Amino acid sequence: MKKFFTLVASALMAIGVNAQTFQLYSEVKPNTYAVTTTLDEVKANFDAQLVKDAWEIGVALPVGYTVINNDKFTMTAAVDKTPVYFSGSKCSDMQKDFPNYNGYMNVGSSYAQNNWNGNEPETLEDDMSVLKTGNHGIFAVTPKVDGTLGFGVYAGDNSRSIGIIDVSSVDEILGGKPSSFVAFKNFRNDGVEIDPETNEVTVKNAPAYVKGEVKAGRTYLLVGGANKNLTMHQVTFVPGTSTGIENVEAVEATKVAPKKVFKNGQIMIGDFNIAGQRVK
């Protein structure tokens, strides 16, 4: 659990540190973001080793690297060597529907490739890095206002699962509230099955989407199932009517509030025991 806390803190700190870095994703239409940069631009702006780690066809982002930062939300690499690629058959599939998208994130996790039951995020109580699998990645999104967060993937006609995880804070985890799905989707776009959301037969090889309501100041992970080359082609964030200012202030207050600890045989809150007595 200590590793998890350290990783979350490092990722959140990196949001500010990397605010002025080269941003891979751009707004292609209102509230929709995709990779429209090129491989040549990536090679010119990133360390050669990060490009080499992605076989010279993309870039392997370090944990905490900022790919989007605007007045609505920030999106960073949640695990080390989160890959963004610019070529290959997956890119060709994506460009049939979105010709102006140049790249994609290879999304995957240690979760099963399909048929999720909703309990998967509880593994986040141990260590964020347990989600890392092979040459795949995960993005973390921190909204600055309340809204609706979503993303889309290509997975051929295979059976796959994708989801959005609300990452619990240290206090929430200690209080028995583990990380949980905001939304997840089990799908098979094979031209045969009926989509339970639309009650229509899915289009073969079509992209699949998931979305959910999110709150300002919290951190959410965009995850896919297993080591199966899911192509994350876009991210959407639609702001709600709330400014989210109160939520952000509440999060800041939580960060600086004294934490309960067990010290010298007593439960302590800062320098005080639960009876309100100062203890040095």
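This note sets out points on the architecture of a predicted model.

1. Overall composition. The protein contains six helices and 19 strands. Of its 280 residues, 46% are buried. Among contacts with a separation of 6 or more, 70% are made by residues 24 or more positions apart.

2. Six strands form an open sheet in the order 4-5-8-15-10-11, and the pairing is antiparallel. The edges are taken by strand 4 (66-69) and strand 11 (180-188); each has a single partner strand, so one side of each has no neighbour in the sheet. On average, and with direction ignored, neighbouring strands of this sheet are turned by 15 degrees against each other. In general, the strands of a sheet pair through backbone hydrogen bonds, in either a parallel or an antiparallel manner.

3. Strand 4 runs antiparallel to strand 5 (residues 73-77), and three bridges join the two. Within this pairing, Ile68 stands opposite Met75 of strand 5. Met75 also belongs to the largest nonpolar core, where it is listed with the residues that touch the most other members.

4. Strand 10 and its two partners. Strand 10 (residues 159-167) is mostly covered, with nine of its nine residues buried. The burial extends to both faces: Ser159, Ser161, Gly163, Ile165 and Val167 are buried on one side, and Arg160, Ile162, Ile164 and Asp166 on the other. Eight bridges connect strand 10 to strand 11 in the antiparallel sense, and in this pairing Gly163 stands opposite Phe184. Towards strand 15 (residues 219-224) there are six bridges, again antiparallel. Here Ile164 has Leu222 as its bridge partner, and Leu222 is one of the residues with the most contacts to other members of the largest nonpolar core.

5. Strand 9 and its two partners. All eight of the eight residues of strand 9 (residues 147-154) are buried, so the strand is largely enclosed by the rest of the structure. Strand 9 is joined to strand 14 by seven bridges, the two running antiparallel, and it pairs with strand 16 over eight bridges, also in the antiparallel sense. Leu149 takes part on both sides: its bridge partner in strand 14 is Gly212, while in strand 16 it stands opposite Phe237.

6. The nonpolar cores. The largest nonpolar core has 39 residues, and those touching the most other members are Leu24, Tyr25, Leu61, Met75, Phe139, Leu222 and Met232. Strand 16 (residues 230-239) gives the most to this core, with four residues. Apart from it lies another core, of 14 residues, which includes Ala78, Tyr111, Met128 and Val223.

7. The surroundings of Leu61. When neighbours within four places in sequence are left aside, Leu61 is in contact with Leu24, Phe46, Val67, Ala77, Val79, Asp80, Lys81, Thr82, Val84 and Phe139. Two of these partners, Leu24 and Phe139, are listed together with Leu61 among the residues that touch the most other members of the largest core. Another of the partners, Lys81, is taken up in the next point.

8. Positive phi values. Most residues other than glycine have a negative phi. Lys81, although not a glycine, has a positive phi of about 60 degrees. Lys81 is found in the loop between strand 5 and strand 6 (82-85) and is partly exposed, with a relative accessible area of 44%. Asn199 likewise has a positive phi, near 60 degrees. Asn199 is placed in the loop between strand 12 (194-195) and strand 13, and with a relative accessible area of 62% it is exposed. A relative accessible area over 50% counts as exposed, which is why the two residues fall into separate classes.

9. The second largest pocket. This pocket holds about 200 Å³ of space. Its lining comprises 13 residues, of which Asn189, Asp195, Thr198, Thr202 and Pro207 are the closest to its centre. Strand 13 (200-201) and strand 14 (208-214) are the elements that give two or more residues to the lining. Strand 14 is also the strand that strand 9 meets over seven bridges.

Methods
Residues numbered from 1 in each chain as written. Predicted model: local features only at pLDDT ≥ 70, side-chain atom pairs only at ≥ 80, totals over all residues. Heavy atoms only, no water. Core = buried A, V, L, I, M, F, W, Y, C linked by side-chain atoms within 4.5 Å. Buried < 20%, exposed > 50% of the residue type's maximum accessible area, 1.4 Å probe, protein only. Contact = heavy atoms within 4.5 Å. Pairing = 2+ DSSP bridges. Axes fitted to C-alpha atoms, helices over the stretch in contact; angles between N-to-C directions. 1 Å grid on protein atoms, 1.4 Å probe; cavity = no way out; pocket = protein on both sides within 12 Å on 5 of 7 lines; lining within 4 Å. Points joined across faces, edges and corners; volume = space filled by probe spheres on them.
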